[in-house]
Amino acid sequence: MATTRAGDLVRRVLDGGAWTSWDTEPVQVAEPGSAYAAELAAARERSGCDEAVITGEGLLRGRRVACVVSEFGFLAGSIGLATAERVVAAIERATAERLPLLAAPSSGGTRMQEGTVAFAQMARITAAVTRHRAAGLPYLVYLRHPTTGGVFASWGSLGHVTAAEPGALIGFLGPRVYEGLYGEPFPSGVQVAENLAAKGLVDAVVGLDDLPGIAADALDVLAARPPAEAELAYEGPGVPAETSAWESIERSREPDRPGVRELLRYGATRVTPLSGTGQGEADPGLLLALGRFGSVSCVLVGQDRRSQRTGHALGPAGLRVARRGMGLAAELGLPLVTVVDTPGAVLSAEAEEGGLAGEIARCLADMLTLAAPAVCLLMGEGTGGAALALLPADRVLAARHAWLSPLPPEGASVIVHRTPERAPEMAEAQGVRSSELLRNGIVDELVDERPDAAEEPEAFCRRAAAALEQSLFNVRAADPAARQARFRDLGR
């Protein structure tokens with residue numbers, strides 16, 4: 001697989017191929033007349049670049065962005081002192097000028113000719129990326145073929161959003177080194193972009209020609225600031241006839257009822273799906289995305305009813321994905337939207353050993369202390385700790401037939417009456433339906449179903465999206481103390 005040249009990449013990604021270089025002459029690290037000096041001279045002639053990275057700026061769909069792009073043709077894109085100096089200078093300039101940063105590494109890692117001092121530059125580059133992120137500035141990474149070693153283990157793995165080139169070799173240990181050390185090939189299919197995406201290590205596999213659109217959509221959310229004012233079309237809920245708790249529960253379980261995917265499809269714009277924790281775990285039961293409802297951008301964490309009902313019950317990994325979303329919102333100063341729609345977390349030995357209870361607790365703690373505004377939409381079923389984990393927001397909305405309960409009503413009936421047959425009676429007694437949640441202060445506002453979301457999926461999702469936009473616009477600043485006080489006083 002051929003590696004895209006650095007210059008070709010910026011020409012294909014930036015508007016009109018226009019590029020303003022930030023590079024200065026690299027610092028001299030090789031003794032004149034040495035073998036290493038000859039290698040550097042040959043690399044310059046062969047690659048047409050004076051170092052293993054190029055840095056600069058351009059416009060990406062009209063937005064000014066900074067770029068750091070590896071040139072694999074220069075000593076396999078390896079990082080030496082001069083390379084690190086250039087990378088760090090570019091990151092620090094992007095931070096100072098408050099620019100989003102797009103990094104496109106393609107590297108074999110540390111430059112062996114410079115030894116340990118070059119190896120330690122990975123920490124220096126990481127520190128610069130950390131300062132950039134701490135300033136609330138977006139950092140996007142596009143992993144190209146090949147990206148291995150210390151580059152993958154430092155600035156290649158720190159993106160707010162990370163995409164990878166189709167078929168790219170991406171891994172910590174280079175396969176040639178592995179075979180040389182252990183006398184056998186590294187297992188095939190592991191260090192491949194598509195496998196990393198499936199394992200939740202990268203968010204998407206994206207061809208180079210699709211990268212500008214994907215990156216621009218992500219930056220439209222990540223670099224957005226709340227509008228000073230907005231024209232809002234939401235009219236608030238009507239007052240439809242009251243239904244029984246059991247009728248709402250049955251309606252919430254309808255196979256055709258819309259969920260978080262339909263909410264994004266019909267009600268959101270600029271949607272950029274993210275995958276997994278970024279640390280080797282993924283869970284189809286939990287959807288993480290960047291998106292926009294009307295004029296307001298957000299990070300969205302939603303329980304996917306369809307996946308949960310087709311064999312992917314929500315587990316501890318899903319809650320860790322949710323916590324990644326909470327961290328993104330806090331770091332970038334974006335509001336968080338959580339969507340609760342779950343028949344309950346997975347019940348298994350693996351979930352117990354995977355720390356399910358602890359992850360529920362940590363989600364609750366993270367929500368209650370989140371340094372970003374938060375809005376929750378209780379969209380359908382709300383069963384048990386998995387539902388509660390995403391509930392403590394500044395404002396909580398509920399669909400008319402949504403409900404919240406410590407157990408499925410059938411389970412509560414078994415505990416109290418030793419039979420599941422009295423589930424409707426238990427649901428009524430426990431006060432699970434949305435109107436009772438509203439009266440008890442658990443929910444702030446209801447979103448109409450006319451008469452049932454399953455019968456009007458697109459209209460319902462647009463209505464829910466408008467309600468979310470209104471709430472996000474009204475909840476302009478994070479107030480963890482008020483959020484905690486709200487739940488401290490609940491039930492009093």
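**Figure 1. The second largest pocket of the predicted model has a volume of about 520 Å³.** A pocket is an open set of points on a 1 Å grid over the protein atoms alone, with protein on both sides within 12 Å along at least five of seven lines; lining residues have an atom within 4 Å of a point. The volume is the space filled by probe spheres set on the points, which are joined across faces, edges and corners. Of the 24 lining residues, Gly159, Thr277, Gly278, Gln279 and Arg324 lie nearest the centre. Helix α13 (residues 316-332) provides the largest share of this lining, 6 residues. Helices (H or I, at least four residues) and strands (E, at least two) are DSSP runs, numbered from the N terminus. The lining comprises 6 nonpolar, 11 polar and 7 charged residues. Here Ala, Val, Leu, Ile, Met, Phe, Trp, Tyr, Cys and Pro count as nonpolar, Asp, Glu, Lys and Arg as charged, and the others, Gly among them, as polar. This is a predicted model in which local features need pLDDT of at least 70 and side-chain atom pairs count only at pLDDT 80 or more, while totals for chains, interfaces and linings use all residues. Residues are numbered from 1 along each chain as its sequence is written, and side-chain values use heavy atoms, with hydrogens and water left out.

**Figure 2. The largest pocket holds about 670 Å³ of space.** Among its 23 lining residues, Gly108, Gly109, Thr148, Gly174 and Val177 are the closest to the centre. Two or more lining residues come from each of α6 (149-152) and α7, and α7 gives the most, with 3. By class, 11 residues of this lining are nonpolar, 10 polar and 2 charged.

**Figure 3. Val177, Leu181 and Tyr182 make a nonpolar surface patch of about 340 Å².** Patch residues have over 30% relative accessible area and no salt bridge; nonpolar side chains (Val, Leu, Ile, Met, Phe, Trp, Tyr) are joined within 5 Å, like charges within 9 Å. Areas come from the Shrake-Rupley method with a 1.4 Å probe, and for residues only the protein chains shown count as cover. Tyr182 belongs to helix α7 (residues 175-182). Tyr182 counts as exposed because its relative accessibility is 55%; exposed means over 50% relative accessible area, buried under 20%, and partly exposed in between (1.4 Å probe, protein chains only).

Figure 4. A cavity is a set of grid points where a 1.4 Å probe fits but cannot get out. The structure has 2 cavities of 30 Å³ or more. Residues lining the largest cavity include Leu102, Tyr142, Val161 and Ile214. Its lining has 10 nonpolar residues, with no polar and no charged ones. Strands β5 (139-143) and β7 (161-164) and helix α9 (211-222) each supply at least two lining residues; α9 gives the most, 4.

**Figure 5. Arg251 and Asp452 form a salt bridge, with their closest N and O atoms 2.9 Å apart.** A salt bridge is a side-chain nitrogen of Lys or Arg within 4 Å of a carboxyl oxygen of Asp or Glu. Arg251 lies in helix α10 (residues 245-252) and Asp452 in the loop between β16 (445-447) and α20 (457-474), so the pair ties together parts 201 residues apart in sequence. Both Arg251 and Asp452 are buried.

**Figure 6. Glu381 and Arg309 meet in a salt bridge (2.7 Å, N to O).** Glu381 in strand β14 (residues 374-382) is linked to Arg309 in the loop between α12 (305-308) and α13, 72 residues apart. Glu381 is buried at 2% relative accessibility, whereas Arg309 is partly exposed at 43%.
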